[in-house]
Amino acid sequence: MKEKRTQNFICTTDFPVAQTVQGKIRGFQTNGIYTFHGIKYAQARRFHRPEPVKPWSGIRDALSYGFVCPLLTQDTPSCEALIPHRYWPMDENCQYLNIWTGSLDPQAKKPVMVWLHGGGFSAGSSIEQEAYDGENMSRYGDVVVVSLNHRLNILGYLDLSPFGEEYENSANAGNDDMIAALRWIQENIRSFGGDPENVTLFGQSGGGMKVWTLMQTPEADGLFHKGIIQSGVIEGFLDAGEGDGRRITEALLEELGLGKDQVKELETIPYRQLADAWLKVSPGLKKQGYYVGENPKPNDFYLGDPREVGFRPHARKIPVIIGTAFGEFDFGPGFPGKYDLEEEKILEILKEKFGTYAERLAELFKIAYPEKCLLDLLSLDNVFRAPTMDFIEERSKSSESETYSYVFAYEFPMDDGKCAWHCSEIPYVFHNADRIPICRTPGVMEKLQDAVFGAWISFARESRPFVPGLDWKKCGKDEEQVLVFDETCTLRKNFDHELVRLHREATGPFIMEEAENLQH
């Protein structure tokens, strides 16, 4: 019988209190973990660079999560059985972070893990998913966990630079916020038991993209030391479009009834009015191939996609874990009774989708995934997996690069077997699988969680991921060592390359509109 943990909560007028450069803050302690919610790490005028928070006297409370960034459109709850969400008040004054730690001793020097949330660069928040809570990761991994909010969508990524030097980096203000948060961590994390010389960024989907865009940002050098990119490379998602922000800005001004010399008005116009105008004028310009904002824009601050421009010398030296889920877009229902189907019937179904490619794809799928149902080929992802392979290949050109690859391929107990989807590995990463109902598989949940969680924690601690019984080596030139996380974890070399390439050919080009499903 599992020993029951004694539950407790401590929060007095002077405990727990941590000293930051700006002033003292009070959090609370539960079962030995100190928690601080809603710490203000920066402040910023709209479209301008973030600035440090002004110092204060006395003790400020850090007992509530801070505002999350406003969204372009209203969230619609969906897939809650698969990905339970939390919703929170929105305000563009959203530069807040949260900390979980087992010690407030400045000499503790625990590894620091900084979570960058998903939702592309347009949506999401540091608390959006139930699984994002950092208490268990801090407790069982003996690490300091930090999560943060930053400016998103047009607040974080709209280029106004043609209209004045004060807007020189408005196209990357959201990433600029993240750098401000990392600077705050460098200055203050010792007070929370963390080691500023051992900071690992980790993020999924848009959060994974944030990790590698920061790797390509010189101002972030030295502020973090390792990166974990979960489902964070997708074809065409960050294509900025042609030109700068002049066309989209002039279209916004016209839609809002403002003159071309009234750009300053965009700083104070109500967000909802600005967002609605952008939603109206941006689709037409985007269709014509013009820049419309919403994502980081390559410039002197952010140097661009490493698959196109190569990795910066500093970025090559940053150890990286990178991987994808088996069926990224597989949010729909499963296929009840799939294990009862004869192979002949399965091939008929596959031919309906893949045509003349079906038989060869089936052969390659059996080689790559001999333990899976052949019908799971319908769920196989190439939209993330193929560009992730390209990312690893580019990294492997340098002998300095340490890159560890994985595929999360677990089949969940829903509809007679549900393939791993976008976000499905997150509960295991945070040691929160028992909080998510669909993860509660007796005899499997703990084993899979120990493998995933243990790999992430050992990487944060020692720069190399460890899974018991497996020698997870870094990828080399023309040699991708892939850790397949499943009911039984295995290590395979180049195991799905031919399958993924033929699958990409068979399914045709990715339609970017489909990525809207991944914003949350």
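**Salt bridges and sheet architecture**

At a relative accessibility of 17%, Arg 139 counts as buried, where buried denotes under 20% relative accessible area, exposed over 50%, and partly exposed the range in between (1.4 Å probe, protein chains only). The structure is a predicted model, in which local features need pLDDT of at least 70, side-chain atom pairs count only at pLDDT 80 or more, and totals for chains, interfaces and linings use all residues. Residues are numbered from 1 along each chain as its sequence is written, and side-chain values use heavy atoms, with hydrogens and water left out.

The side chain of Arg 139 meets that of Glu 135 in a salt bridge, with an N to O distance of 3.2 Å; the term requires a side-chain nitrogen of Lys or Arg within 4 Å of a carboxyl oxygen of Asp or Glu. Both residues belong to helix H1 (residues 135-141), where they are 4 residues apart and thus separated by about one helical turn. Helices (H or I, at least four residues) and strands (E, at least two) are DSSP runs, numbered from the N terminus.

By the salt-bridge rule, the count comes to 38. One of these joins Asp 61 and Arg 26, whose closest N and O atoms are 2.8 Å apart. Because Asp 61 lies in strand S6 (residues 59-61) and Arg 26 in strand S3 (residues 24-26), this pair ties together parts that are 35 residues apart in sequence. Asp 61 is partly exposed, at a relative accessible area of 47%, whereas Arg 26 is buried, at 15%. A further salt bridge is formed by the side chains of Asp 471 and Lys 473, at 2.5 Å from N to O. Asp 471 is partly exposed at 40% relative accessibility, and Lys 473 is likewise partly exposed at 41%.

An open sheet of mixed pairing is formed by 12 strands in the order S1-S4-S5-S7-S9-S8-S10-S11-S12-S13-S16-S17; two strands pair if DSSP finds at least two bridges between them. Strand S1 (9-10) and strand S17 (490-493) are the edge strands, each pairing on one side only. Within the sheet, strand S13 (residues 403-408) pairs with strand S16 (residues 481-485) in the parallel sense over 4 bridges. Val 407 has Val 484 in S16 as its bridge partner. Helix H11 (residues 385-395) lies across strand S11 (226-230), strand S12 (320-325), S13 and S16, and runs at about 160° to S12. Axes are lines fitted to C-alpha atoms, for helices over the stretch in contact, with angles from 0 to 180 degrees between N-to-C directions; contact means heavy atoms within 4.5 Å.
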